[in-house]
Amino acid sequence: MDDVFEEGQFLGLPQTEGDVDIVVLPLGFELTTSYGMGTAEGPMACIEASSQVELYDPVLNEDLPAGAVLSTQPLWEGSAGSLMEQLDELVDHVRPWYNGKCFPVFLGGEHGILPPIVHAARNHPLVNNELNTLTVVQIDAHADLRESLDGEPFSHACAAGRSLDLGIGKLLQVGIRAYSLQEAQLIESDDRITTFFARDTQHPPVQNESWKKWLEALRTLSGPVHLTIDIDGLDGALVPSTGTPVPGGLSFWQVQETVETLFSAPNATVISADVNEIVAQEGSSLTQFTAASIATKVIACHVGARKQGRWNPINNDAIEDSPSQYFQTWERTASSSN
Ligand SMILES: [Mn+2]
C-alpha cells in the first residue's frame, strides 16, 4: 500500500471507507487544572506528534490501521459557560461513539474528562446502563479521589472519586504516589478501590512482586473496562510538560505491559480508553510523543483483540440514552460522600 499521510489525522492515517472501527477524539478540556496550564492544546500536539510514531507494533503482524477504519475527529472545545454545562456537552459529544461497534480513544485535556466519559459509557451495550459492571483501570501519579480541590468536586483531582459516585463497580489504580491522608483512608476503607502504589511497584525497580500482582489483577478482570491513562503516571522525566509531573513513576515499558496485559485479559473487554493531561512541550516533542506512543499501543492492542475474535461489534439500539443534563442537575448524595 502507498503511504498516504494526512495532516490532523492520528498517525497521519486518512479515514478509509466503511463503518468507523476506532475513533480518536481530541478533547480540549481545561477548566480546573491547578498547576500548569495548556492541557487544551495538548490533544492536537499529540496528534501532530503521532505522525512520527511507527505504524508497526509487534502485537500485530501488519502496519496500522491493519484493515481497521480509523477516524480522527476535530478538536472538541467546550462553549458552555459553566463547568457542569461543559461536562454535559462532553457527554453529548462522546456518547454517540459508545454504539457498540466503535472503539473510542479520547485524548485530553485534563483528567476532569473522566466522569463525563464514564457517564456516557452507560450507553455501551456491554454496560447496558448498569454502570456497576464497569471497571475503570487508572494509570496516574495521583489517586484523584479527593472530595474536592479548591472547592471544586469535579476538579481533575477528583476524577476517580466522582467516577465511583457515578456508580462504577471497580477502580484499579497503578503508579499512585501523590495523595492526601483522606485519599489514603478511602483507598483503605472502600473495597471497590484497589491501588498499586509506585513506592511498591517501582522500588526495587525491576520485576518485583508488587508489579507481578498488578499484572495478575489485570488478567483476572471481567466485564467491560474503561482504561484511563493520566500521563503523569509515567515518570516525570518522560512527560516533563504535563500539568503536574511527578518523579518516581512508571517506566514506558511498564505502561506498555499494562496495556498489553489488560487487552489480553480473557474475561474482560476494554470498551474505551483515554490518554489525558497532555500538555504540548516546547523545544522538544517528548511529552506529546510519549502520549501518542501510548495511544498507538492502545489502538494496536484493540485491533489485535478484534483480529483474535475477542472484540466483536454489538448493537446498542435497544439501550436508552444515559440521562442528558446529568451534571447540571448533579447533587451530592449521602452515598457519594462516603
Ligand atoms: Mn489524574
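Begin the tour at V23, which stands opposite P104 in strand β3. Strands here are DSSP runs of E with at least two residues, helices are runs of H or I with at least four residues, and both are numbered from the N terminus. This is a predicted model, in which local features need pLDDT of at least 70, side-chain atom pairs count only at pLDDT 80 or more, and totals for chains, interfaces and linings use all residues. Residues are numbered from 1 along each chain as its sequence is written.

Select residues 103-108, which form β3; 6 of its 6 residues are buried. A residue counts as buried if 20 or more other C-beta atoms, placed from the backbone, lie within 10 Å of its own, as exposed if 12 or fewer do, and as partly exposed in between. From β3, F103, V105 and L107 point one way, while P104, F106 and G108 point the other way.

Two strands are said to pair if DSSP finds at least two bridges between them. Next, select strand β8, residues 267-276, which runs parallel to β3 and is joined to it by 3 bridges. Within β8, V275 is the bridge partner of L107.

**The whole sheet**

Now display every strand. The 8 strands form an open sheet in the order β2-β1-β3-β8-β7-β4-β5-β6, with parallel pairing. At the edges lie β2 (70-72) and β6 (193-197), each of which pairs on one side only. From one strand to the next, the twist averages 20°. Helix α8, residues 252-263, packs on this sheet, touching β4, β5, β7 (222-230) and β8. The direction of α8 makes about 165° with that of β4; axes are lines fitted to C-alpha atoms, for helices over the stretch in contact, and angles run from 0 to 180 degrees between N-to-C directions.

**Helix α4**

Move to residues 159-166, helix α4, where 7 of the 8 residues are buried. These are A159, A160, G161, R162, S163, L164 and L166. They pack against α3 (114-120), β4 (135-139) and β5 (170-176), a contact being two C-beta atoms, placed from the backbone, within 7 Å. Just after α4, select G167, which takes a positive phi of about 120°.

**The nonpolar core**

Select L25, C46, V105, L107, L262, A295 and V298, the residues with the most contacts inside the largest nonpolar core, which has 96 residues. Helix α9, residues 286-307, gives the largest share of this core, 10 residues. Such a core is a set of buried Ala, Val, Leu, Ile, Met, Phe, Trp, Tyr and Cys residues joined through C-beta atoms within 7 Å. Centre the view on V298: leaving aside residues up to four places away in sequence, V298 touches V105, L227, V259 and A273.

**The chain as a whole**

Buried residues make up 50% of the 338 residues. Among contacts between residues at least 6 apart in sequence, 76% join residues at least 24 apart.
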